[in-house]
Amino acid sequence: MELAESDSNVAPVVKTKSIGEYLSSHLRQYGLLFALIAVMAFFQIVTDGTLLRAVNVTNLLLQNSYIVIMALGMLIVIVSGNIDLSVGSVMGFIGALAAVMIVNHDMPVLVTIISCLVIGGVIGAAQGYWVAYWKIPSFIVTLAGMLVFRGLSLWLLEGQSVGPFPKEFQVLATGFVPDIFPAGLGAALAEIFDARKVNVLALGTGLAAAALVVWIGLRQRAQNKAYGIEDEPRSFFVARNVIIAAALIFVMFKLSLFRGLPNVLITMGVLTVIYAFITETTTVGRRIYALGGNQKAAKLSGIKTERLTFLAFTNMGVLAAAAGLVFAARLNTATPKAGFALELDVIAAVFIGGASMSGGVGTIIGAVVGAFLMGVLNNGMSIMGIGIDYQQMIKGLVLLAAVIFDVYNKNKQG
Amino acid sequence: MALLSMQNISKTFPGVKALNQVNLDVQEGEIHAVVGENGAGKSTLMKVLSGVYPHGQYDGEIVYDGAPARFSGISDSERKGIIIIHQELALVPQLSIAENIFLGNECARKGMIDWRETNKRTEELLAKVGLVEAPTTKVDNIGVGKQQLVEIAKALSKDVKLLILDEPTAALQENDSRKLLDLMLELKAQGVTSIIISHKLNEVRYVADSVTVIRDGMTVSKLDARAGLSEDDIVRDMVGRDMTHRFPEHSRTPGDILMEVEGWNVWHPEHAERKVIKNASFNVRAGEVVGIAGLMGSGRTELAMSIFGRSYGRNISGSVKLKGQPVDVSSVDRAIDAGISYVTEDRKALGLVLDETIRFNTTLANLEGVSAGSILKRNEETKVAERYREALAIRTPSVFQKTVNLSGGNQQKVVLAKWLFTAPEVLILDEPTRGIDVGAKYEIYTIINDLAAQGKAVVMISSEMPELLGMCDRIYVMNEGALVGELNAADASQERIMSLIVNE
């Protein structure tokens with residue numbers, strides 16, 4: 001036992017790296033945040049403040065909600081080492097299905113919503129089955145799915161647009177949560193901020209969310225310290241939390257000046273929190289990362305890799321269906337072109353958010369921030385009146401730059 | 001006249017001295033055999049020779065064709081006529097024989113391939129190696145034996161002077177092997193010098209003019225085969241080595257039979273007609289370390305993996321009993337639940353999620369052990385990882401280190417930690433010390449002794465016979481998918497194991 005003992009009494013040394021070292025080893029996470037801030041600042045200046053006007057901030061959130069919802073599922077699919085090209089088509093198909101059920105057949109809204117989510121799950125499961133149990137590359141299976149469901153939407157809608165939807169369906173995407181606080185409070189706040197009105201619920205939610213983020217951060221930091229885990233320098237921790245908390249409060253404040261909390265934001269926020277929790281702190285989440293990181297090792301560790309892959313696609317199907325409902329409700333009509341090429345925006349968001357094509361790497365928060373980064377680019381360029389031609393080119397280059405940045409970082413560390 | 005003289009070649013990998021002052025002299029026009037155990041350094045030596053490790057990455061001097069040679073890469077050595085044919089064939093299965101032979105060396109004018117010329121030259125080359133196939137036949141459609149001949153034809157197309165064959169008959173049937181060896185003799189008559197690396201001593205005796213024996217990265221002896229050579233002479237040089245103090249002291253008193261495998265049969269997962277494991281039966285007692293000896297490809301890993309949740313093969317039959325009761329090992333999680341663990345021989349490809357931390361890997365096979373419901377208790381997880389880091393002396397600043405950055409020995413300890421955390425009763429260790437340095441090996445041996453002392457049953461698969469002799473209470477010998485012998489520690493010797501293997 002001599003050899004073994006010689007080193008075992010060395011206490012766990014937690015090296016406190018210099019700020020420069022720390023920054024260079026965690027460049028990716030901060031880079032994404034900086035990029036989002038920089039892009040927003042840029043557009044805020046060049047659009048003379050239009051970008052962050054209350055109505056536009058509300059719009060920005062609504063416009064990107066279905067991308068964000070699908071990015072959550074796509075992140076899991078990509079972390080598991082696969083890809084799903086069919087989500088745009090599935091989304092369009094579900095929107096079409098909802099329109100046919102509600103508008104053409106007068107079916108109840110709730111029944112329609114539930115059956116659409118179930119059918120989305122079945123579609124995902126059907127594709128996942130071939131990928132998981134037949135080992136057919138997901139690229140091919142979902143490419144086929146993309147064509148099939150594009151065709152199915154056309155067939156279902158007979159090439160026409162179907163709409164409009166009843167009010168109770170539209171609120172899915174365009175509704176706002178009513179302010180539960182007394183009107184007097186809002187009026188008083190409006191006086192202070194020199195605004196026309198203030199939605200107290202929205203502002204309050206913003207403050208609560210900011211407080212929650214800081215509290216969770218502090219708790220995590222305390223635990224890390226207790227276990228001797230290397231943590232970010234204090235200055236970074238403070239700066240990061242101040243920026244995130246301020247951004248949350250700022251966005252919510254802007255929303256409160258317009259119509260308050262959109263229903264979709266609640267859906268999106270709750271889903272994001274749930275999926276972040278699943279991926280980071282549950283055994284299922286852990287196993288998905290293991291599956292994507294090294295499928296053979298995962299399998300030999302007793303993980304049911306086929307079932308996990310199957311579930312990842314099923315989940316993606318449900319989320320694509322949810323996005324389809326939101327999208328149809330927002331447009332107030334189902335068109336055969338709905339969701340066209342949208343899968344590419346979703347996949348781009350996930351990769352910009354730091355996920356790796358080879359699987360095993362990526363975070364929910366990264367994917368959401370990636371989606372908003374793309375959203376702000378779209379929105380900002382549209383306000384500036386940049387043509388769709390340049391928009392496409394710029395978005396493509398941003399995606400490439402983000403991935404090159406990833407690879408560069410990895411090589412430097414490797 | 002010596003065509004090749006490698007003088008005092010040394011090559012060090014991080015933590016391992018693979019070659020230590022090796023000398024190899026090959027005469028012009030002879031067939032020279034290089035023999036040695038797995039891991040003795042034969043392949044490394046050939047990689048130095050063929051420029052895979054270019055000049056500057058090794059110490060020593062290579063004199064080739066009368067002049068000092070400093071190859072910068074494999075294409076450099078090929079230009080000078082040194083062609084190596086690896087154990088794993090480097091053919092593209094979807095291309096034709098002709099396309100493969102001239103791959104990267106096409107008969108082309110201005111980038112346009114001259115197919116008539118290509119096929120004509122291919123036919124000439126195939127005639128030389130005695131292969132009757134059309135040049136346009138896809139490599140996929142011919143057997144391994146013929147593929148081997150295509151490789152040789154490819155070598156001949158490059159004006160080979162020195163042909164190196166690394167275990168050329170490992171995957172071949174008896175008559176294909178004989179054909180290949182006869183071809184080597186024929187090429188010798190045409191003036192081609194060859195080096196053959198082989199385990200099969202009867203084949204070495206059949207073709208070789210001289211033999212160099214390598215052991216532990218050193219040249220042990222150079223034997224002249226023309227004067228007649230017995231296999232025993234070679235075996236003695238291959239295995240004899242100083243064994244004092246390489247293994248920690250242990251005294252064991254094995255208890256009752258813990259695991260018993262009976263009548264185990266496995267077929268190849270793709271070639272349905274090939275039986276990989278043939279009616280294997282063995283047992284291991286509580287507190288006992290049982291070894292399985294055999295050459296690479298003898299089926300040891302396949303035996304272990306097929307028992308561990310049917311991770312290999314198909315149409316598996318036979319029974320596994322634990323403490324006398326039949327257990328269900330039909331999937332990995334059931335095997336784990338039954339109390340069986342399998343530590344893979346390839347820790348990087350099959351054992352670890354390299355991009356993840358020590359903590360992540362330690363708990364991977366038993367996430368239930370660190371979670372409530374299905375929610376991970378991450379502090380608990382950290383504690384577990386820390387506990388194993390200390391118990392197994394994993395050298396790392398913290399358990400949040402990515403495993404890709406660890407040394408081989410420490411990676412192996414992380415894999416062991418992962419399996420120990422599943423609280424197994426039977427541990428199957430497949431090449432537990434492959435590619436790790438002597439010090440780390442000693443620590444792994446110590447861990448194995450501790451496990452046996454705790455009453456666990458350990459099955460140890462190893463290609464290093466001294467390791468088996470130094471560690472095991474009993475040794476099963478495996479050859480071509482069958483367990484061909486069982487030796488008690490007291491009766492076992494490397495010579496006896498080797499002779500069980502070579503005498504089939």
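Hi everyone, let me start with a pair of helices in chain A. The axes of helix H4 (residues 54–79) of chain A and helix H11 (residues 234–257) of chain A come within 8 Å of each other, and the crossing angle is roughly 110 degrees. That puts H4(A) roughly perpendicular to H11(A). The crossing is a left-handed one. Please keep in mind throughout that this is a predicted model.

Who actually meets whom in that crossing of H4(A) and H11(A)? From H4(A) we have Ala54(A), Val57(A) and Thr58(A), and from H11(A) they meet Val251(A), Lys254(A), Leu255(A) and Leu257(A). Sorted by class, the residues of this contact are five nonpolar, one polar and one charged.

Now let me step back to the domains of chain A. The domain assignment gives domain 1 as 44–175 + 263–414, and domain 2 as 179–261. Taken over C-alpha atoms, the centres of these two domains of chain A are separated by 27 Å. Seven residues from domain 1 of chain A and seven residues from domain 2 of chain A take part in their contact. On the domain 1 side, H4 and helix H12 (263–281) of chain A each supply at least two residues. Which of them gives the most to that side? It is H4(A), with four residues. That side of domain 1 of chain A divides into six nonpolar residues, one polar and no charged.

Helix H16 (residues 342–352) of chain A packs against helix H17 (residues 364–384) of chain A at about 120 degrees, and their axes are 7 Å apart. H16(A) and H17(A) are therefore oblique to each other. Their crossing is right-handed. On the H16(A) side the contact is made by Asp345(A), Ala348(A), Ala349(A), Val350(A) and Ile352(A), and on the H17(A) side by Ala367(A), Gly370(A), Ala371(A), Leu373(A) and Met374(A). By class that comes to eight nonpolar, one polar and one charged.

One backbone detail for those of you who check omega angles: Gly163(A) and Pro164(A) are joined by a cis peptide bond, with omega about -10 degrees. You'll find Pro164(A) in the loop between helix H7 (138–157) and helix H8 (167–174) of chain A.

Next, how do the two chains touch? In this model, 30 residues of chain A are in contact with 33 residues of chain B. On the chain A side, the elements that give two or more residues are helix H1 (2–8), helix H13 (283–293) and helix H14 (295–300). H13(A) gives the most, with five residues. The chain A side as a whole divides into 13 nonpolar, 11 polar and six charged residues.

That brings us to chain B. Its domain assignment lists domain 1 (2–239), domain 2 (244–339 + 424–504) and domain 3 (350–423). The centres of domain 1 and domain 3 of chain B, over C-alpha atoms, are separated by 42 Å.

Let me show you two sheets here. In one, four strands form an open, antiparallel sheet in the order E14-E13-E16-E17 (chain B). Its edge strands are strand E14 (275–285) and strand E17 (325–326) of chain B, each pairing on one side only. Strand E13 (residues 257–267) of chain B pairs with E14(B) over seven bridges, in the antiparallel sense. For example, Glu260(B) has Asn283(B) of E14(B) as its bridge partner. Helix H9 (residues 300–307) of chain B packs on this sheet, touching E13, E14 and strand E16 (314–322) of chain B, and its direction makes about 70 degrees with that of E14(B).

The other sheet is open too, with six strands in the order E18-E21-E22-E15-E23-E24 (chain B) and mixed pairing. Strand E18 (340–343) and strand E24 (482–488) of chain B stand at the edges with a single partner strand each, so one side of each has no neighbour in the sheet. Direction ignored, neighbouring strands are turned by 20 degrees against each other on average. Strand E15 (residues 289–293) and strand E22 (residues 457–461) of chain B run parallel, joined by four bridges. There, Ile292(B) stands opposite Ile461(B) in E22(B). Finally, helix H17 (residues 494–502) of chain B lies across E15, strand E23 (474–479) and E24 of chain B, at about 25 degrees to E23(B).

Thanks, everyone!

Methods
Residues are numbered from 1 along each chain as its sequence is written. Chains are lettered from A and ligands numbered from 1 in the order in which they are written. This is a predicted model: local features need pLDDT of at least 70, side-chain atom pairs count only at pLDDT 80 or more; totals for chains, interfaces and linings use all residues. Axes are lines fitted to C-alpha atoms, for helices over the stretch in contact, and angles run from 0 to 180 degrees between N-to-C directions. Angles under 35 degrees count as roughly parallel, over 145 as roughly antiparallel, 65 to 115 as roughly perpendicular and the rest as oblique. A crossing is left-handed if the near helix is turned anticlockwise from the far one by less than a right angle, and right-handed if clockwise. Two residues are in contact if their C-beta atoms, placed from the backbone, lie within 7 Å. Ala, Val, Leu, Ile, Met, Phe, Trp, Tyr, Cys and Pro count as nonpolar, Asp, Glu, Lys and Arg as charged, and the others, Gly among them, as polar. Domain bounds come from an automatic or database domain assignment. Two strands pair if DSSP finds at least two bridges between them.
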